[in-house]
Amino acid sequence: MHTEITRRVSPEEEELAKKREELALLHAELADRELLLTDLRAELSAFEALYLRQIGTLYAQLDEWNAKVAERFAEQEGTEEARSAATQARAQAEESNSAVREGAAKGEGFKASPELKKLFREVAMRIHPDHATDEADRHKRTQLMKEANAAYERGDAETLRRILEEYESSPESVKGEGVAADLMRVIRQIRQVRSRLSQIELEIASLIDSDIAKLRAKVEVARAEGRELLTEMAEDLRKRIDAARRRFEAGSGAKAAKT
């Protein structure tokens, strides 16, 4: 008579299986939230670049004319108060010009394709630092994740594939052995992933609460009403620039008349 001997699964092995299932779900959630965070950063960066090109350049022009008016007034009046006001106006103009120059270096826009989103999510699932089992692995994953974020924002699918292949062929991707060690490793990974998820939520909330995000929300609401808010802002600024230029020219004329 043939008797089949079935090995009983230990409590530790049962617990390890449960924890691995929990970790797999958390990994999927983490990849989704990392994608959302990266998308939000890129979209806000692109909108900020658009704002600086359409509106920031006009603010820079307005600040420049206001600085010229203040400097001309300080020259004519010769008071300490007028000179101080002129110094502040010039500093504001330089700050505006600097912001526009920085904005000009940013991308024209950001729109990730479904294929790119899927690839980035796969990369995040595999190489995220919170999946690390030791410090050496964490360091390598951190560097690769930074590269992946930058590649995603550039729309560089080839680099994302290279990063994934590089990690999967590395020694750090080989897992250890032993139920007790594996259980402890998985428990620590779960804790790390939950911590990162909490951090992501704070980062997302901070981005949503930023001035540029609030402005983008206003632009979207206005567009839904059939209005282009940035165009309206640009028109208002052009009127203010014309007024500032006329003030400067009027001041120059007055000085010429005196001489």
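## Overall fold

Two residues are in contact when they have heavy atoms within 4.5 Å. In this predicted model, residues 24 or more positions apart account for 78% of the protein chain's contacts with a separation of 6 or more.

The secondary structure of the protein chain consists of eight helices and zero strands. Along the sequence, the pattern reads α-α-α-α-α-α-α-α. The chain has 259 residues, of which 35% count as buried.

## Nonpolar cores

The largest nonpolar core contains 33 residues. Within this core, the residues with the most contacts are Phe-47, Tyr-51, Ile-55, Val-193, Leu-215, Val-219 and Leu-230. Two or more residues of the core come from each of the elements α1, α6 (179-208), α7 (211-224) and α8 (229-258). Helix α1 gives the most, with 14 residues.

When neighbours within four places in sequence are left aside, Val-219 is in contact with Phe-47, Leu-229 and Leu-230. A second, separate core has 18 residues, and Leu-119, Met-145, Leu-164 and Tyr-167 are among them.

## Packing of α3 and α4

Helix α3 (residues 114-127) packs with helix α4 (residues 135-154) at an angle of about 170 degrees, and their axes are 10 Å apart. Angles over 145 degrees count as roughly antiparallel, and α3 and α4 are therefore roughly antiparallel to each other.

On the α3 side, the contact is made by Leu-116, Lys-117, Phe-120, Val-123, Ala-124, Arg-126 and Ile-127. On the α4 side, Arg-141, Leu-144, Met-145, Ala-148, Asn-149 and Tyr-152 take part. The residues of this contact divide into nine nonpolar, one polar and three charged. Met-145, one of the α4 residues in the contact, is also included in the second core.

Ala-74 lies in helix α1, which covers residues 11-77. The relative accessible area of Ala-74 is 9%. Buried means under 20% relative accessible area, so Ala-74 is buried.

Apart from its neighbours within four places in sequence, Ala-74 is in contact with Ala-82, Arg-83 and Ala-86. For one of these pairs, Ala-74 and Ala-86, the separation is 12 residues in sequence and 6.5 Å in space, C-alpha to C-alpha.

Note on methods. Residues numbered from 1 in each chain as written. Predicted model: local features only at pLDDT ≥ 70, side-chain atom pairs only at ≥ 80, totals over all residues. Heavy atoms only, no water. Helix = DSSP H or I, 4+ residues; strand = E, 2+ residues; numbered from the N terminus. Buried < 20%, exposed > 50% of the residue type's maximum accessible area, 1.4 Å probe, protein only. Core = buried A, V, L, I, M, F, W, Y, C linked by side-chain atoms within 4.5 Å. Axes fitted to C-alpha atoms, helices over the stretch in contact; angles between N-to-C directions. Parallel < 35°, antiparallel > 145°, perpendicular 65-115°, else oblique. Nonpolar A, V, L, I, M, F, W, Y, C, P; charged D, E, K, R; others polar.
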